[in-house]
Amino acid sequence: MRNKSLGKNAFLNGLRSVLNIIFPIITFPYVSRVLSVGELGKYNWSNSFVLYFLLIAGLGIATYAVREGAKLRNDRNEISAFASQVFSINILSTVVSYILLFLCVLIFPKVQSYSAYIYIFSIQIVFTTLGTEWIYSIFEEYTYITIRSIVFKILSIVMLFVFVRRPGDYLNYAGITVFSAVGSNVLNYLHAKKFCTIRFTFNIDWQEHLKPILIIFASSVATTIYLSLDTTLLGLINNNYVVGIYSVSTKMYNIVKQLIAAILTVTIPRFALLWGRHRYREYRKLLLQISDALALISIPAAVGVYMLAPQIVILLSSAKYIRAVSSLRLLCPALIFSIFSWIFTSCVLIPAKRENKVLIITILSAVVNLVLNLLLMPSLKENAAAITTSLSEAISMFLGMYYSRDIIKGLYKSGFWKEIFTYILGAISIVTICFAGDVLFDSTIVVILFDVALSVLEYALLLLGVKNKFALDVLDRILLRFK
């Protein structure tokens, strides 16, 4: 099978991420004005609760499937046998997940008060399993899922404005969110037959699959603890209002993070392929390129979000959520830490079959997150959640570097750090531009447009001025299209 173009894949996955960003940009301001802060808090708490059971159903299978399946994708019989076994394990874990979810709803009174929300969000579990998106990652096939995203996002937006019209329509909003996320996954399962044949089977090589899957799953559990437990704890320690405020911060944070991560996501199967076939020279070259590209984007993005936090909160929600500015700003360092943590775990340690190191990293990060949240949340509330998330991501990044040190040794030389210094200089100039925008304009929209447009122009000129290779490559491609 011929390798897909990483540039094309990055563009398509970036487009899909943009669609995932546009959807909340269009819907969240509308929803945050229609629903109360408390209703929004219930929505986010229930969603975060169901995420744990979605995690149990997923069982680390997607990461394992991409790593191992990338090496088999040129042989339809081999990949079909592998995919069928992995899919069957996923079906069994989904059944277990639903049993545990229903037991929690029956046993715990606090959870019962959210049961309607929880049952709606739980539809995601079975449809995510049927979606088999790991098949599309293995084959680096992003065209179909991008087109699918466009169609279902448009349908979801129409449904939102029709069915969410007044306070009390929060269950309709939950259902539309689920439809937007997983509504097309049955089509995914049927379309996957183009690449391989997937059947349910009891003929599973448990000895081969179970240990790495469970190690990756344990890592995923720990990761979820420090990424999602903050919302759950806020609801238990504080109240729905605080959860609603923090949900605005995390919404903005995740929007930017998804866009940056779009480049990284499409490279993970390629890293698994190169490492699995012992093409280490190509692997290291790609790792350096991806690290440089993500540093170029994430550093100014984090600074820009920090400076524009008040305008972003007002534009994408309303003035009643202005309290979310402080927690959003405290999440900004996590934008950089999380991206580089992802590089070392998903692009280095997982392809190298060091999932046990990833488990250690995530457990340590999760423990720090949990302990600090319990200590700080009663007094600092949503700010505690943001602080602990940034600290946990920083710990994860540094531990990832440590456990990857033999693989990345000599990779990040002086040239790479020179580029990092350039990106920091560009970020400092963004601060100056944002201060100027605040002084010159009163309109929220005008300030955002002025700051973003001038910052992008200034940053691009700086990169071209120092002859940054990434910027020059982009410029050459643009010029070629106009010839």
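Let's start at N90, which touches A57, G58, I61, T129 and W134 once residues up to four places away in sequence are set aside; touching, or contact, means heavy atoms within 4.5 Å. Before going on, note that this is a predicted model, where local features need pLDDT of at least 70, side-chain atom pairs count only at pLDDT 80 or more, and totals for chains, interfaces and linings use all residues. Residues are numbered from 1 along each chain as its sequence is written, and side-chain values use heavy atoms, with hydrogens and water left out.

Back to N90, which sits in helix α4. Helices here are DSSP runs of H or I with at least four residues, numbered from the N terminus. N90 counts as buried because its relative accessibility is 6%, and buried means under 20% relative accessible area (1.4 Å probe, protein chains only). A polar atom of the N90 side chain also lies 2.7 Å from the backbone oxygen of A57.

Now look at α4 as a whole. Its 32 residues, 76–107, should span 46 Å at 1.5 Å a residue, and the end C-alpha atoms are 46 Å apart, so the two agree. The expected span is 1.5 Å times one less than the number of residues.

Among the buried residues of α10 are Y173, I176, T177 and S180.

Next, how do two helices pack? Helix α14 (residues 280–316) and helix α15 (residues 324–349) meet at an angle of about 170°, with axes 9 Å apart. Therefore α14 is roughly antiparallel to α15, a label for angles over 145 degrees. Axes are lines fitted to C-alpha atoms, for helices over the stretch in contact, and angles run from 0 to 180 degrees between N-to-C directions. The residues of this contact divide into 23 nonpolar, two polar and one charged.

Within α15 you'll find S338, which is buried because its relative accessible area is 4%. Beyond its neighbours within four places in sequence, S338 is in contact with Y253, K257 and E393.

Finally, visit T389 in helix α17 (residues 382–403). With 3% relative accessibility, T389 counts as buried. T389 and F217 are 172 residues apart in sequence and 20 Å apart in space, C-alpha to C-alpha.

How values were computed
Parallel < 35°, antiparallel > 145°, perpendicular 65-115°, else oblique. Nonpolar A, V, L, I, M, F, W, Y, C, P; charged D, E, K, R; others polar. Buried < 20%, exposed > 50% of the residue type's maximum accessible area, 1.4 Å probe, protein only. Polar contact = N/O pair within 3.5 Å; in protein donor to acceptor, adjacent residues only side chain to side chain.
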